[in-house]
Amino acid sequence: MSTDRPDLESLIERLRALVEERRLRGEYPPSLDQELSAHFHRIAALRSVASLEEPRKIFEEKLEALRSASRTPPQGASADSHVPGGKLAHRIIGRLTARQHQAMSDQIQELAAVTHEVFEAMDRSERVIIEQIFGELDAVIERMLSYERAPAGSGLAEKELHRRVEQLEAERARRARP
Amino acid sequence: MSFIAHQVLTTAAPGDAVTDSALKMADVLREFGSSLIFAENIHPDLYGRVFPLRDYDERAGNSEMIVWHSSIGAPEVREFLQLRDERIVLVYHNITPPHFFDFWDTDLAALLRMGLQDLELLRSKVHLSIAVSDFNARELNSIGYRNVEVVPLTWSWQRLGSIAPHQPTVDYLANEIDGPVLLYVGQVSPHKRLDLLLKAYHILTTYLRDHVHLFMIGSHRVKSYSETVRSFVKELNLPFAQFPGALSDAELAAHFERADVIVTMSEHEGLCLPLVEAMAFDTPFLARSHAAVPFTAGGAGVLLPPEEDPFLAAEAMELLISDADLCATLKEKGKARLAALDPEGSMAKFRDVIRKVA
């Protein structure tokens, strides 16, 4: 078995040389490996957001329940009673306190409606923030790739970085002006 | 010599390598006396062949030995073993390093960490250990296990070679799939590095040869990773790369028969049985020199160096597809390696180990 190994090792060396030749001839794009890796990692990052699907589904179900509660008309309490005469007593008390109950019920419904609106607004802003974060992450990955692709020692990457820093500082100065 | 020896595992499921080993080992253990298999989790298909661990005392009789197949962590199994007086023989199939799963599945990563902790906690209880490869033996040595025997558990390749391939699959592969076929067999899991395999395949089909099929056969246990590699295939526009899922033995045999090259870019293998199956089907294979792969390959396939180089992998794929002389040489080497991994030899060695403990 050990005598066969050098053959396979020289085979690997031949393949390495072949890869190098193709690279020199320009048949293999120089940054393809890095680009493929970045591509895979980008998908993986998005998948981790997709793993939020289940908690999001629960959140949306609860939000829907809250919305329904805020729209459902209030129902009076049952007047039933096990005590003789209790039903009549419950009806009388119910009529006497009906206005107060209605007012409290209206307030609770109003609170549910406002709470629902607040959660909806939070949900909308969360979606916007996530989209922004991913947009910015994509931009960062793109920038990193462009630096990795730049020929070593060319100074191009540094010049580009300098230009972008100046641009950002100018923007900040503009915003800071009264 | 007569004695009772039972086996204990965490999970028993059909098609699972650990369960298959336990079922095969039970045949050997029954040569010495009564032997049952107990598990904490049992797939319904195995009811009657595998018994719940909670029933051990009721069914075990005067057992003298427990063969424990370690895997992911299970406090119930660990606590059970800690309280036993029988001699314990550990069978170490390997535990995938948890770091591979930290990003993809934190629950699984935690279970794997627990499995490694269990190995350490039970070390003093284990009388002798069986490692399925010398790589596994080294891993056990590194955590303080001393009495370790290497017994390659390679018997399932015979099962695959001895069954008739599924005829509709044979017909489909013969009539509908034209051009070379690369076959990956294994879980769709982060440590198997399907991302690297797909990068190499992309390079192969974009720059070297445009019409090559890639079948990636195996279960999808890590959902997030599985979805990511599927999206990767879609976004790279690789229409001839397919994930048929976990197949029956007969369907798998049909794919092995049709394949031109068996490929894997895996970074962690306790044995890597598909390479042995490749040898059994006279099919050349390409793998990376990680973990137990060099031991199993035994010089009978093309092994890439450990570092990641999809270009080198693509060139190696192209070479194995096109170089008939090289493939013929590798097939011959495969036959010799297969003889060394003879399942009967493994059975005999396992029998010897059990005798030694008894």
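Author: Helices (H or I, at least four residues) and strands (E, at least two) are DSSP runs, numbered from the N terminus. This is a predicted model: local features need pLDDT of at least 70, side-chain atom pairs count only at pLDDT 80 or more, and totals for chains, interfaces and linings use all residues. Residues are numbered from 1 along each chain as its sequence is written, chains are lettered from A in the order in which they are written, and side-chain values use heavy atoms, without hydrogens and water.

Reader: What pattern does chain A follow along the sequence?

Author: The pattern is α-α-α-α-α-α. Chain A has six helices and zero strands.

Reader: How many of the residues of chain A count as buried, in percent?

Author: Buried means under 20% relative accessible area, exposed over 50%, partly exposed in between (1.4 Å probe, protein chains only). Of the 178 residues of chain A, 17% are buried. Val118(A) sits in helix 5 (residues 98–149). Val118(A) is partly exposed, because its relative accessible area is 43%.

Reader: How is the size of an interface often given?

Author: It is often given as the accessible area lost when the parts come together. Here buried area is that loss (1.4 Å probe), summed over both parts. Between chain A and chain B, about 2,800 Å² is buried, and carbon and sulfur atoms give 69% of that. Tyr28(A), Leu36(A) and Phe40(A) supply 22% of the area that chain A buries against chain B, more than any other three residues.

Reader: How many salt bridges are there between chain A and chain B?

Author: A salt bridge is a side-chain nitrogen of Lys or Arg within 4 Å of a carboxyl oxygen of Asp or Glu. The count is four. One pairs Arg16(A) with Glu307(B), with the closest N and O atoms 3.2 Å apart.

Technical notes: Buried area = accessible area lost by both parts, 1.4 Å probe.
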